[in-house]
Amino acid sequence: MFSKNVLGALVIFFMTTMAKAVSEIPPVPLREFRAAWVPSVGNIEWPSQRGLSTAEQKTELLAILDRAQLLKLNAIVLQVRPACDALYSSKIEPWSEYLTGQMGQAPKPFYDPLAFAVAEAHQRGLELHAWINPFRARVVAAKSSIAPNHVSKKYPGMIVAYGKYLWLDPGLKAAQDYSLSVIMDIVRRYDIDGLHMDDYFYPYVEKDETKKDEPKKNLMFRDDASYQKYQVGGGKMSRGDWRRENVNSFIARTYHSIKAQNPRVKFGVSPFGIWKPGHPSSTSMKSGNMYEEIYCDSLKWWTNGWMDYLSPQLYWAINPPDQSFTALLKWWAEKNAKGRNLWPGMNTANVGGKWKAQEIVEQINATRAQPGASGHVHWSMKSLMRNSGGISDELRALYQEPALIPAVPWLNNIVPGKPTVSVKRQGKDLKAQWNSAGEKPFLWVVQQRAGGKWKTKILPGEKTSLLFTANETGIDEIAISAISRTGISSAAAVFEFEK
């Protein structure tokens with residue numbers, strides 16, 4: 001028999017929690033990488049112009065993050081090192097001119113844009129991937145004078161002038177070491193979710209503009225000194241193979257260095273969408289040969305698993321079949337020997353011009369239907385901010401349910417502890433509160449059932465309560481799961497409300 005005190009405690013418990021633990025398992029939440037690039041080079045997206053105040057820069061960035069959250073994206077890929085400059089506080093490289101208008105000048109009043117972006121993204125349940133360009137050192141869009149601590153001033157022997165650009169020479173180990181030191185500085189000091197590179201390693205071909213009355217010829221990338229040094233040391237590879245191996249070794253070193261420092265930080269690369277012309281067989285030569293032009297053997301990186309995700313820039317339409325989005329997507333998926341995440345880049349910027357929004361809708365649906373692909377990245381966020389061609393309206397319909405980012409269990413597959421949950425009545429409303437059973441999770445998945453149907457919310461790890469208002473009638477169950485930084489889900493704590 002229970003004592004009066006024990007019976008009283010039981011009555012109070014059931015009156016306050018209004019719930020009981022049950023064994024039912026809720027539906028598995030949707031998994032899909034939904035991201036957009038946010039470039040900074042040339043102020044083409046953020047900040048929108050040089051010299052904005054700190055408050056104006058923050059306002060613009062928050063608007064981007066808010067739109068991403070509204071559209072149910074789950075990641076932003078933010079460019080923070082366009083050309084050996086920094087949109088963050090660095091002791092290695094100068095402040096980017098795209099912030100203040102002057103390379104080397106910090107924002108006033110001071111703030112750290114990358115730290116700000118990470119914190120604000122995480123508050124919205126978004127991942128923040130820091131996008132860097134490893135070897136580009138100066139671009140034609142640059143307007144300010146070069147700061148004294150820029151690599152071209154500190155280490156001019158690492159630099160190759162090519163057309164209107166400056167480049168670090170990938171053939172010099174010192175240049176590779178320098179760029180890797182910048183990457184590792186970011187990985188060590190910032191709570192980023194991913195480190196991202198695009199397709200700039202060796203430069204795209206520039207034309208000789210000096211002889212106006214003659215046909216323009218391709219300029220040579222003058223890495224003679226580093227190649228001759230390689231040959232003197234006994235190297236036998238052709239210059240093309242040697243250049244490719246320089247990039248290969250840098251990609252591998254970057255991947256393994258990141259994993260040694262912080263295993264849960266994802267490394268992603270977004271190469272040109274075609275490895276070589278003729279792969280797949282329908283692909284023609286009309287888009288060039290990046291294997292020979294910029295010396296990217298992206299297939300080698302992919303098949304060796306030197307990245308956690310690949311986002312090939314599949315910037316072509318589904319039809320006609322020549323260089324088709326779907327044909328290329330299928331080819332990359334079939335080459336995924338290590339089971340990494342395949343998240344193709346989509347040319348969303350074409351919507352409102354060459355394409356209708358339906359093209360991107362069909363590409364997303366095709367990606368969902370392709371085994372081995374599990375998400376996508378929009379080029380770029382600007383189109384989604386402007387709702388170009390109605391694309392944002394279409395995405396709202398397409399992204400009706402929020403989605404978790406696909407897991408990366410090869411980085412860490414530890415299952416978070418099952419959360420503890422209580423539900424209390426607050427007038428006509430219900431308030432759910434929960435806590436983690438161990439380390440604070442990155443996200444919470446809150447699922448509610450009403451009328452036999454489940455609805456999902458994905459909340460940031462900082463949030464540990466949710467009010468279900470009287471307007472949300474008919475809720476008879478809730479389920480709460482913890483999600484780790486590598487996307488691993490805990491068992492769900494499921495509660496059924498007393499009738």
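**Close-up views of a helix pair and a strand set**

**View 1. Helices α6 and α8 are roughly parallel to each other in this predicted model, because angles under 35 degrees count as such.** The axes of α6, which spans residues 173-189, and α8, which spans residues 239-261, cross at roughly 30° and come within 10 Å. The crossing of these two helices is right-handed.

**View 2. Residues of α6 meet residues of α8.** On the α6 side the contact is made by Lys173, Gln176, Asp177, Ser179, Leu180, Ile183, Met184, Val187 and Arg188, and these meet Asn246, Ser249, Phe250, Arg253, Thr254, Ser257, Ile258 and Gln261 of α8. Taken by residue class, the contact of α6 with α8 divides into 6 nonpolar, 7 polar and 4 charged residues.

**View 3. Strands β14 and β15 form a hairpin with 2 residues between them.** The two strands, β14 covering residues 420-426 and β15 covering residues 429-435, run antiparallel and are joined by 7 bridges. Within this pairing, Ser422 stands opposite Gln433 in β15, while in the turn Gly427 has a positive phi of about 65°.

**View 4. Strand β15 also pairs with strand β18, in the antiparallel sense.** The pairing of β15 with β18, the latter formed by residues 465-468, extends over 4 bridges, and Lys431 stands opposite Leu467 in β18.

Conventions:
Residues numbered from 1 in each chain as written. Predicted model: local features only at pLDDT ≥ 70, side-chain atom pairs only at ≥ 80, totals over all residues. Heavy atoms only, no water. Axes fitted to C-alpha atoms, helices over the stretch in contact; angles between N-to-C directions. Parallel < 35°, antiparallel > 145°, perpendicular 65-115°, else oblique. Left-handed = near helix turned anticlockwise from the far one by under 90°. Contact = heavy atoms within 4.5 Å. Nonpolar A, V, L, I, M, F, W, Y, C, P; charged D, E, K, R; others polar. Pairing = 2+ DSSP bridges.
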